[in-house]
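Hello! Here is a short note to read alongside the structure, one point at a time. Please keep the view open as you go.

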Amino acid sequence: MPIPPTPIHQTPAISRSLFVFSIFYGGMTCIAGVLGNKQVSLGPLSALGPAVGLPPLAIEAGIFAFLLLVVTSSAVAELHGRATANKLVLFGFVPLLVSILLTLIVLALPAAGEMGADRLAAFNTMMGATPWIWLGGIIAYGVSQTLNVTIFSWLKGREGNSLLWFRAGVASALSQIIDTILFITIAFGTSAVGWLMAGQMLAKVVLSAVLVPPLIYLAVAIGRRLDREGARPGV
């Protein structure tokens with residue numbers, strides 16, 4: 001009696017766009033905190049602050065990585081649905097938490113004798129942070145990114161596939177406002193609530209309206225092209 005062949009269990013294939021976006025997303029979660037150590041001027045946009053009674057606008061450079069997280073999660077929601085985008089946000093905690101843990105370990109390890117004191121001090125200053133800053137970043141990331149996916153997907157349910165630019169801008173702006181409120185309040189306390197928070201929110205809303213919509217169009221176009229190429233036989 002012939003022995004029936006052993007069934008082969010194949011691992012479900014992941015689309016090319018989701019694979020590429022997932023790698024990119026993980027990288028942005030790690031670099032955002034490092035970039036946030038530098039405050040940057042917004043050039044002509046900085047003048048919006050004095051126009052509304054605030055100091056010249058400046059933001060931490062980590063916002064650019066966070067906006068790319070918004071772009072990536074929104075593109076995944078557009079291409080693969082809300083549930084997949086929410087999983088992407090959830091999995092993003094892994095590289096975020098691991099990078100924080102590795103930073104703490106490296107800071108605790110003794111420096112080599114060949115490393116100059118000035119370089120060591122600069123490294124410790126750049127990479128070190130208070131526990132409240134770490135906690136604020138983690139909570140703000142989870143809440144704001146989940147909110148972005150939720151608003152973006154809800155608007156898509158109402159508007160369909162049209163008005164991508166509108167869905168992108170609204171979801172990004174609202175999620176960045178919540179991100180700013182949570183991070184500044186948790187990291188620096190209620191004493192920092194005021195012009196600092198107002199300036200950060202104004203800058204982030206402007207950047208969300210200007211940068212996020214065209215970048216999402218680009219990301220969605222790249223994702224669709226990757227998936228078309230992956231669907232071709234032999235590719």
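1. In what order do the elements of the protein run from the N terminus on? They run α-β-α-β-α-α-α-α-α-α-α, and the protein has nine helices and two strands. Helices (H or I, at least four residues) and strands (E, at least two) are DSSP runs, numbered from the N terminus.

2. A word on how to read the values. This is a predicted model, where local features need pLDDT of at least 70 and side-chain atom pairs count only at pLDDT 80 or more, while totals for chains, interfaces and linings use all residues. Residues are numbered from 1 along each chain as its sequence is written, and side-chain values use heavy atoms, with hydrogens and water left out.

3. Of the 235 residues in the protein, 35% are buried; buried means under 20% relative accessible area, exposed over 50%, and partly exposed in between (1.4 Å probe, protein chains only). Among contacts with a separation of 6 or more, 76% join residues 24 or more positions apart. Contact here means heavy atoms within 4.5 Å.

4. Now look inside. The largest nonpolar core has 39 residues, and Ile59, Tyr141, Val212 and Ile216 touch the most other members. The elements giving two or more residues to this core include α1 (16–35), α3 (62–80) and α9 (195–231), and the largest share, ten residues, comes from α3. Such a core is a set of buried Ala, Val, Leu, Ile, Met, Phe, Trp, Tyr and Cys residues joined through side-chain atoms within 4.5 Å.

5. Take Val212 from that list. Not counting residues up to four places away in sequence, Val212 touches Leu67, Val70, Val71, Ala168, Ser172 and Leu207.

6. The Ser73 side chain reaches the backbone oxygen of Val70 at 3.2 Å. Leaving aside neighbours within four places in sequence, Ser73 is in contact with several residues, among them Tyr25, Leu88 and Asn148.

7. Finally, the outside. Phe64, Val210, Leu211, Leu215, Leu218 and Ile222 form a nonpolar patch on the surface, and α9 gives the most to the patch, with five residues. Ile222 lies in α9 and counts as partly exposed because its relative accessibility is 41%.

Terms used. A polar contact is a pair of N or O atoms within 3.5 Å; within protein, one must be able to donate a hydrogen and the other to accept it, and residues adjacent in sequence count only if both atoms are side-chain atoms. Patches are made of residues with over 30% relative accessible area and no salt bridge: like charges are joined within 9 Å, nonpolar side chains (Val, Leu, Ile, Met, Phe, Trp, Tyr) within 5 Å. Accessible areas come from the Shrake-Rupley method with a 1.4 Å probe; for residues, only the protein chains shown count as cover. A salt bridge is a side-chain nitrogen of Lys or Arg within 4 Å of a carboxyl oxygen of Asp or Glu.
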